[in-house]
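Good morning, and thank you for joining this meeting.

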Amino acid sequence: MTAPDNTSYLWTAPASYAENQHIRAWWSEPQDQVLARLIEQYAWLYPWHISEAIVAVTPEDVIAAWREEDPVCQRYAWYDVLMYFGVARARTTGLEQAMRPPETLNCLRCKKAFRQDQVGASTARKLGDISNIRYCQDCSGAAFAGGSDLDDLKLSDADIADWVRDVATLTGLIPPQDFFGGDFLKTVSGDVARSQLLSLAARRPTAKRIKDSFGSWLNLLTVSGVLPDGAHHTVRGVRSVAADGHVCLSLPERTIDDWLSVRG
Ligand SMILES: [Zn+2]
C-alpha cells in the first residue's frame with residue numbers, strides 16, 4: 001500500500017490485505033464502527049488514525065497476542081499492518097463509500113486553487129477539522145514551520161515590534177514566546193482573522209533574532225508596547241496566555257497559573 005499521490009485521494013490497498021486471518025480472528029463490530037466513525041470525521045485522512053483508534057477499542061492482551069503470532073508483524077511495524085488492514089477492510093466492506101471527497105477550493109490566503117487532499121496529513125492535523133482545510137499546503141505549511149534565519153535579515157527591529165503588536169491586537173492576547181508552536185489558530189475565529197494569523201505565523205522572527213535584537217521576548221513585549229510599562233504595578237484586565245495555554249485575565253493570574261503548572 002502506498003500513500004495517495006496528488007491525483008488520487010484514495011490509498012491503494014490490495015483487497016487481499018483484508019483477509020488477514022490473524023486480525024479477522026478478533027476484529028468485529030466495534031472495530032468496523034471505529035472505521036465508519038474515522039471515515040466520517042477525517043474523510044481521506046482516516047488511514048492515519050486507524051491504528052490508534054483500533055487499539056483504543058480492543059483489549060490490550062488481544063493486541064499483544066496478535067502482534068506475537070501474526071508473521072506479517074515480524075516484517076512490518078504492527079501499527080502499519082493494522083492501518084493497511086483497516087483500509088482494505090473499509091474498501092471491501094463498502095464503508096469507504098460514505099467518505100466525503102476532498103474539494104477543490106481557493107486558498108483563503110493566496111487565492112490559488114488547490115485540492116484539499118494536497119495538504120499534507122500533518123499540516124491538515126494542525127489546521128484542525130477537515131472543514132478547516134481551506135489553505136493550500138504552501139500557505140499553511142509556511143505558517144506552521146515558521147520564519148527562517150534568511151527572512152530574519154529582511155526584518156528591521158521596527159518590523160518585529162510591529163509584528164508582535166499585530167499578533168497581540170489580532171488575538172487580544174499577550175502572546176508567549178512559543179505562541180506559534182501551539183494551537184494558535186484556536187485563539188481567533190472567522191476566516192479573515194485566521195488568514196491574518198497564519199500570515200503573521202509565516203513571517204515570525206526566529207528566537208535567535210529576538211534575543212539578538214531585543215535581549216528577551218519579555219523585552220520585545222515591553223519595547224513594542226504590548227506589555228504596559230512598569231512591571232512593578234498591577235496590570236488588571238490584560239489578557240494573556242499562560243504556559244499551559246490557559247487564557248488569563250490579568251498578569252497576576254497568569255503568574256499564578258504558570259506557578260501551578262510548573263508544580264503540576
Ligand atoms: Zn495558499
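What covers the buried residues of α3? Please keep in mind throughout that we are looking at a predicted model. The cover of these residues includes α2, residues 29-42, and α6, residues 78-92. The buried residues in question are Ile50, Ser51, Ala53 and Ile54.

The chain contains 14 helices and four strands. It has 264 residues, of which 41% count as buried. Among the contacts with a separation of 6 or more, 60% are made by residues 24 or more positions apart.

Thr58 sits in the loop between α3, residues 50-57, and α4, residues 60-69. Is Thr58 buried or exposed? Its relative accessibility is 7%, and Thr58 therefore counts as buried, the limit being 20%. The side chain of Thr58 has two polar partners to point out. One is the side chain of Gln31, which it meets in a polar contact of 3.0 Å. The other is the backbone oxygen of Ile54, which lies 2.7 Å from a polar atom of the Thr58 side chain. Leaving out residues up to four places away in sequence, Thr58 touches Trp26, Gln31 and Ile63.

Trp26 leads us to the aromatic residues. A pair of aromatic rings is described by how far apart the centres are and by the angle between the planes. The count of aromatic pairs here comes to 13. In one of them, the rings of Trp26 and Trp27 have centres 6.0 Å apart and planes at 40°, so this pair is tilted. Both partners are buried: Trp26 has a relative accessible area of 14%, and Trp27 has a relative accessibility of 7%. Phe179 and Phe184 form another tilted pair, with 6.4 Å from centre to centre and 45° between the planes. Phe179 is buried, at a relative accessible area of 6%, and Phe184 is buried as well, at 2% relative accessibility.

The next topic is the metal site. Which residues are the protein donors of the zinc ion? They are Cys107, Cys110, Cys136 and Cys139, each through its SG atom, and they lie 2.3 to 2.4 Å from the ion. The angles subtended by the four donor atoms run from 105 to 118°, and the arrangement is therefore tetrahedral. Along the sequence, the spacing of the donor residues is C-x2-C-x25-C-x2-C. Cys107 belongs to the loop between β1, residues 104-106, and β2, residues 113-115, whereas Cys139 belongs to helix α8, residues 137-145; the pair therefore ties together parts that are 32 residues apart in sequence. Cys107 is buried, with a relative accessible area of 1%, and Cys139 is buried too, at 9% relative accessibility.

Let us turn to helix α12, which spans residues 207-214. Its buried residues are Arg209, Ile210 and Phe214. Viewed down the helix axis, the buried residues of α12 fall within an arc of 100°, so they line one face of the helix. Which exposed residues are carried by the face turned away from the buried side of α12? That face carries Lys208, Lys211 and Asp212. After α12 comes Gly215, with a positive phi near 90°.

Ser224 is buried, with a relative accessible area of 4%. A polar atom of its side chain lies 2.8 Å from the backbone oxygen of Leu220. Which residues are in contact with Ser224, leaving aside its neighbours within four places in sequence? These are Ala161, Val164 and Arg165. As for Trp163, which is 61 residues from Ser224 along the chain, the C-alpha atoms of the two residues are separated by 9.1 Å.

To close, I return to two places shown today. Thr58 is joined to Gln31 by a polar contact between their side chains, and the zinc ion has four cysteine SG atoms as its protein donors. Thank you for your attention.

Definitions and conventions
Residues numbered from 1 in each chain as written. Predicted model: local features only at pLDDT ≥ 70, side-chain atom pairs only at ≥ 80, totals over all residues. Heavy atoms only, no water. Phe/Tyr/Trp six-rings, centres within 6.5 Å; stacked < 30°, edge-to-face > 60°. Buried < 20%, exposed > 50% of the residue type's maximum accessible area, 1.4 Å probe, protein only. Helix = DSSP H or I, 4+ residues; strand = E, 2+ residues; numbered from the N terminus. Arc of directions from axis to C-beta. Polar contact = N/O pair within 3.5 Å; in protein donor to acceptor, adjacent residues only side chain to side chain. Contact = heavy atoms within 4.5 Å. Donors = N, O, S within 2.8 Å, 3.2 Å for Na, K, Ca; no water. Tetrahedral: all angles 85-135°; square planar, octahedral: opposite > 155°, others 65-115°.
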